[in-house]
Amino acid sequence: MRAIWKGAIAFGLVNVPVKVYSATEDHDVSLHQVHGTDGGRIRYQRRCEICGEVVEYKDIAKAYDDGEQTVILTDEDLASLPVEKSREIDVVEFVPSEQVDPILFDRTYYLEPDSTSTKSYVLLRRTLEDTDRTAIVTFSLRQKSRLGALRVRGNVLTLQTLLWEDEVRDASFPSLDEKVRISAKELEMSSALVDSFSGDFDSSEFTDEYQEQLKTLIDAKLEQGDSLDTEATFGGESEEDEGGKVLDLMEALRRSVEKNRGAKGGSGTSNAKDAKDSKDSKDDGGKKTPAKSRTATSKSTAKTRKGA
């Protein structure tokens, strides 16, 4: 990786020199625009609307238009701004990590110590870990003032840029103002459905199916000389579930729970059933009986009902 920025984290009298690296990258297959009939590459020219000449990128400046007048801003103009010259990541405050709304998160960067001694870097990282705090910072990067969050990932400090408050749109939907009655049974079945899908998140278990299929398509076209049978490559379309029927909410929840249990080999348990068994099997002291006993009781009850 190549560092995109150098500076220092500053809080109080402590100064932590760091290098900044992009922590993420795009994995999408790169595609070009071409002429469909002969495959010729389509390229766009930066042409001046006044003189008609094609302009080199190095000769392009930025401008602000207020509708009546245009102000041209050169690279020298932008570089002269005081905030752009700053090379410090200033810590404003340390806040409880749960107070930072995830919707504000933008880009993520890794911070590497840029000093012969890493003590101040490790000290800051350990402090954030031990206090479960996030450092809210301000800094300047690529001609923009930015708000950020210093967090810990493994043994590395990360800098996540945050959106400004006015960059997050308000969610105002009249349909959500309508009063909806949710029954206890619906909540119970919904909880059972959540339980049947429960697990520990591991991002490595997920893949970008579209990009994988796109790569397969490209490989197939290369092998078959630009001749491809899409169905033979990807298989036929999956059959539509339920034939487009509109299901009752409770029925949809019930079917979803049963379907997911079947996919897991019947290993899932029903929250609704466990809740009833738990209630029936409490002793006078309010303690629950062991799970094994509750299971045995449930089976015994089922046999009794069947015999009845």
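Buried means under 20% relative accessible area, exposed means over 50%, and partly exposed lies in between, with a 1.4 Å probe and protein chains only. This is a predicted model, in which local features need pLDDT of at least 70 and side-chain atom pairs count only at pLDDT 80 or more, while totals for chains, interfaces and linings use all residues. Residues are numbered from 1 along each chain as its sequence is written, and side-chain values use heavy atoms, with hydrogens and water left out.

The protein chain has nine helices and nine strands; helices (H or I, at least four residues) and strands (E, at least two) are DSSP runs, numbered from the N terminus. Of its 308 residues, 20% count as buried. Contact means heavy atoms within 4.5 Å. Among contacts in the protein chain between residues at least 6 apart in sequence, 58% join residues at least 24 apart.

**The barrel**

- Seven strands form a closed barrel with mixed pairing, in the order β1-β2-β6-β9-β8-β7-β5. From one strand to the next, the twist averages 40°. Angles run from 0 to 180 degrees between N-to-C directions, and axes are lines fitted to C-alpha atoms, for helices over the stretch in contact.
- Helix α3 (residues 119-131) packs on the sheet, where it touches β1 (5-11), β2 (14-22), β5 (88-96), β6 (105-113), β7, β8 and β9 (156-162). The direction of α3 makes about 70° with that of β9.
- Two strands count as paired if DSSP finds at least two bridges between them.
- β2 and β6 are antiparallel and pair over five bridges. Lys19 has Glu112 in β6 as its bridge partner.
- β6 and β9 also run antiparallel, joined by five bridges. Here Tyr109 stands opposite Leu159 in β9.
- Strand β7 (residues 133-140) and strand β8 (residues 145-153) run antiparallel and are joined by six bridges. Phe139 has Arg146 in β8 as its bridge partner.

**Buried residues in the strands**

- Trp5 is found in strand β1 and is buried, at a relative accessible area of 7%. Not counting residues up to four places away in sequence, Trp5 touches Val18, Lys19, Val20, Ser86, Arg87, Glu88, Ile89, Ser140 and Leu141.
- Trp5 and Leu111 are 106 residues apart in sequence, and their C-alpha atoms are 9.8 Å apart in space.
- Ser140, one of the residues that Trp5 touches, belongs to strand β7. Ser140 is buried, with a relative accessible area of 3%.
- A polar atom of the Ser140 side chain lies 3.4 Å from the backbone oxygen of Lys144. A polar contact is a pair of N or O atoms within 3.5 Å; within protein, one must be able to donate a hydrogen and the other to accept it, and residues adjacent in sequence count only if both atoms are side-chain atoms.
- Thr158 lies in strand β9 and is buried, with a relative accessible area of 4%. Leaving aside neighbours within four places in sequence, Thr158 is in contact with Thr108, Tyr109, Tyr110, Ala149, Leu150, Arg151, Val152 and Arg153.

**Cysteines**

- A search of the whole structure finds zero disulfides, a disulfide being a pair of cysteine sulfur atoms within 2.5 Å.
- Cys48 is in no disulfide, and the nearest cysteine sulfur, that of Cys51, is 3.7 Å away. That distance is too far for a bond.
- Cys48 is partly exposed, with a relative accessible area of 25%. Cys51 is also partly exposed, with a relative accessible area of 47%.

- Helix α5 (residues 209-223) has 15 residues and reaches 21 Å from its first C-alpha to its last. This is close to the expected 21 Å at 1.5 Å a residue, the expected span being 1.5 Å times one less than the number of residues.
- The buried residues of α5 are Gln211, Leu214 and Ala220. An α-helix has 3.6 residues a turn, so residues three or four places apart point the same way.
- Gly225 follows α5 and has a positive phi, near 65°.
- Asp132 is a residue other than glycine with a positive phi, near 50°. Asp132 is placed in the loop between α3 and β7 and counts as partly exposed, at 48% relative accessibility.
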